Amino acid sequence: MRRRLSLQARQLLAAGLALVAFLGLTGYALDRAFTEAALNSQRERLDSFAKAYLGGAETLRSGAIVMPQTAPDPRFDRPGDGLYAVVIGENLRWESTSTLGRILPPPEPGPPGDRGRLVGPLPVTDSSGRELQVYLYSMTRIIETSRDEIELTFGIYEDAGYVAGQVGVFRRTLWAWLGAAAIVLALVQSLALRWSLRPVAGVERALADVQQGSVARLVDEHPRELQPLTESINALIDSERRNLEQVRRTLGDLAHSLKTPLAVLQSRLEAGATGDELREDVRTQVQRMNDIVGYQLSRAARSGHVLYSAPLKIEGTAEEIVLGLEKIYATKGVLAEFDIDAAARFHGELGDLQELLGNLLENAFKWAKRRVALQVTTLPALPGKRSGVEFAVEDDGPGIAEDQIDRVLQRGVRGDERVQGHGIGLSIVQDIVAAYQGVLTVERSAELGGARFVARFPPQG
């Protein structure tokens, strides 16, 4: 399998690509800007040379035009020195001394008075046949003489190597600095990524410590973005540990519960019981062991994984349970009243919801005289958590004495002990509520006068 990249490698790769793209576009933009600036500077410089020749030109009485003897730049006077001047007019063609040995393309006349044009690079040939390149700036003007007006076209040429040299120096400097900047930024990005991903590495180390048993759960000292993750992991760890503890407790309870019927059978065999008496004892103890195993297995099933369960509607389940109980207790004529919030949801297993409502309502039907009430309300959700729910079941029966509440709700009581009072169902309810980290309370019903059981499931992450 192809090895997956780490988060740090992914971030470095993405940041590196973004950095290369940014610096590349920046370098290209600066290069183009400098090239345009260099060409504009050359245009202005060549324009100033053309205007200098135009301003220094003299007209004779005969109508002839004489170009200035002093060039605006000494290179015009040195053959092949990179600056060339050509003036073309009617019956006139003048060239600077620097044009000797150069075959230059003639400047093209343009509209008189317009701004000159810069074109190039254009190919030229020297006396040895070597091909060079030049930029040409051409400008057309009208000069008045004593006889007539003459249209002159000035052509100023400059070797393309002058601008190319400037651009080359700039490019080497630009890309050297951009390369250095890229290296520095890459190092800064690497350090910043290592610093920003340090909490993730901390979570990884904390998980390793949990796996090795060094710590019981993840600490809460993490950035806000990682807090939901660490809370969920801690909730998962706590849930799995509760499940493991429940399994261990169930196995222990099962082993302890089976000791008594096995001891009875052993004592009967040792006492020499035979015939019908022995068969009756065996049948009774086997039935008892079957009931014990069934009950403990049902407890183990209820202690399963409850984290991230889908939200369940409550009203339909409550109605089905009440319909069944009304048939069982039809002779009592008990009236069941509902007050269920339509938005209320139970975040857990359907079997747990059925067991919870079934045992609470059955207990209320058993002890009620005429009325049973079920109230379900939604507990407001905390930021980043699911909403909670509260179940309240009350009846108009005799109620529970305050000093008996702890006994009714205590855990780990054997089955025959739980039959007293409100029976085994309340112990099942207590186990379910504890599995969901809820709270079960018993109080006196202010409206009906009997017992009021409140199962409160707080908001969960």
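In helix α6, Thr317, Ala318, Ile321, Val322, Leu325 and Glu326 meet Leu350, Leu353, Gln354, Leu357, Gly358, Leu361, Glu362 and Phe365 of helix α7, where contact means heavy atoms within 4.5 Å. By class, this contact of α6 with α7 has nine nonpolar, three polar and two charged residues. Ala, Val, Leu, Ile, Met, Phe, Trp, Tyr, Cys and Pro count as nonpolar, Asp, Glu, Lys and Arg as charged, and the others, Gly among them, as polar.

The model is predicted: local features need pLDDT of at least 70 and side-chain atom pairs count only at pLDDT 80 or more, while totals for chains, interfaces and linings use all residues. Residues are numbered from 1 along each chain as its sequence is written, and side-chain values use heavy atoms, with hydrogens and water left out.

**Helix pairs**

- Helices (H or I, at least four residues) and strands (E, at least two) are DSSP runs, numbered from the N terminus.
- Helix α6 (residues 315-328) packs against helix α7 (residues 350-367) at about 40°, and their axes are 10 Å apart; axes are lines fitted to C-alpha atoms, for helices over the stretch in contact, and angles run from 0 to 180 degrees between N-to-C directions.
- α6 and α7 are therefore oblique to each other (under 35 degrees is roughly parallel, over 145 roughly antiparallel, 65 to 115 roughly perpendicular, and the rest oblique).
- Helix α1 (residues 7-56) and helix α2 (residues 160-196) cross at roughly 160°, with axes that come within 9 Å, and are therefore roughly antiparallel.
- The contact of α1 with α2 divides into 20 nonpolar, ten polar and four charged residues.

**The sheet**

- Six strands form an open sheet with antiparallel pairing, in the order β4-β3-β8-β7-β6-β5; two strands pair if DSSP finds at least two bridges between them.
- The edge strands, β4 (92-95) and β5 (102-103), each pair on one side only.
- Strands β7 (residues 131-144) and β8 (residues 149-159) pair in the antiparallel sense over eleven bridges.
- Leucine 152 in β8 is the bridge partner of arginine 141.
- α1 packs on the sheet, touching β3 (83-89), β4, β6 (117-126), β7 and β8, and its direction makes about 45° with that of β7.
- α2 also packs on the sheet, touching β6, β7 and β8, and its direction makes about 45° with that of β8.

**Aromatic pairs**

- The structure holds ten aromatic pairs; rings of Phe, Tyr and Trp (its six-membered ring) pair if their centres lie within 6.5 Å, and planes under 30 degrees apart count as stacked, over 60 as edge-to-face and the rest as tilted.
- Tyrosine 53 and phenylalanine 76 form an edge-to-face pair, 5.4 Å centre to centre with 90° between the planes.
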